[in-house]
Amino acid sequence: MNSNKQKVSTVHAYKHNGNLYRAWENVRISRLSNDESLIVINEEVLITEFNGRKWKTTEPAIWFFYPNQWFNIICMFKKDAIHYYCNIASPFLLEDNTIKYIDYDLDLKVFNDLSYKILDLREFNRNRINWSYSREIVEKVWESIDYLKKLIKSNDGVFNHDYVKKVWEDSKK
């Protein structure tokens with residue numbers, strides 16, 4: 001997978017019970033970094049929800065997937081600034097031109113000033129009980145939240161606006 005700008009047909013997010021939760025169509029891989037992380041470009045991507053509702057993204061975004069981390073991060077270029085959406089999720093799997101991961105409900109919404117808000121705690125607690133998340137999964141989820149908070153505070157890597165802008169510009173070349 002050394003090819004730059006290689007097409008990927010979809011991204012599939014599943015829930016712990018195995019059901020497909022959401023699908024993104026026609027995303028493209030900007031690059032595969034040395035650590036096997038995927039950098040994906042979303043521009044006017046069609047999203048299909050589990051209930052059949054379809055919609056298109058309204059702003060361009062860069063999506064970072066990590067093979068050994070329990071999260072992925074979407075950097076959205078909104079009119080006023082860059083905002084981040086961190087999905088707490090299993091490490092990704094690339095299979096049949098589809099990026100796949102399990103969504104573990106909790107999300108971290110990070111604003112341009114790097115303040116943040118934890119989302120969907122009620123959903124996490126409900127699904128944790130209903131689908132019997134293992135102790136290991138629950139620990140990974142909370143370790144990931146703590147790790148992301150440290151990354152945000154350090155204003156480094158993905159949470160550095162200049163870095164994200166550079167990745168975006170590089171993806172256009």
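Okay, so when I say buried, I mean under 20% relative accessible area, with exposed being over 50% and partly exposed in between, using a 1.4 Å probe and protein chains only. Bear in mind that this is a predicted model, where local features need pLDDT of at least 70 and side-chain atom pairs count only at pLDDT 80 or more, while totals for chains, interfaces and linings use all residues. Numbering runs from 1 along each chain as its sequence is written, and side-chain values use heavy atoms, leaving out hydrogens and water.

Let's start with asparagine 72. It counts as buried because its relative accessibility is 1%. You'll find asparagine 72 in strand β7, residues 71-77; strands here are DSSP runs of E, at least two residues, and helices are runs of H or I, at least four, numbered from the N terminus.

So what does the side chain of asparagine 72 make a polar contact with? One partner is the side chain of tryptophan 63, at 2.8 Å, and the side chain of asparagine 87 is another, at 2.7 Å. A polar contact, by the way, is a pair of N or O atoms within 3.5 Å; within protein, one has to be able to donate a hydrogen and the other to accept it, and residues adjacent in sequence count only if both atoms are side-chain atoms. Contact in general is heavy atoms within 4.5 Å. Beyond four places in sequence, asparagine 72 has contacts that include Phe65, Tyr85 and Tyr101.

Now, the cysteines. A disulfide is a pair of cysteine sulfur atoms within 2.5 Å, and the count here is zero. Cysteine 75 is in none, its nearest cysteine sulfur being that of cysteine 86, 8.0 Å away.

Cysteine 75 brings us to the packing. A nonpolar core is a set of buried Ala, Val, Leu, Ile, Met, Phe, Trp, Tyr and Cys residues joined through side-chain atoms within 4.5 Å. The largest one has 31 residues, and Ile62, Ile73, Cys75, Tyr84 and Phe159 touch the most other members. Elements giving two or more residues include β7, β8 (82-89) and α3 (161-172), but the largest share, five residues, comes from α2. There's a second, separate core of 19 residues, with Ile47, Trp63, Ile74 and Phe92 among them.

Zooming out, the chain has three helices and 11 strands, and buried residues make up 45% of its 173 residues.
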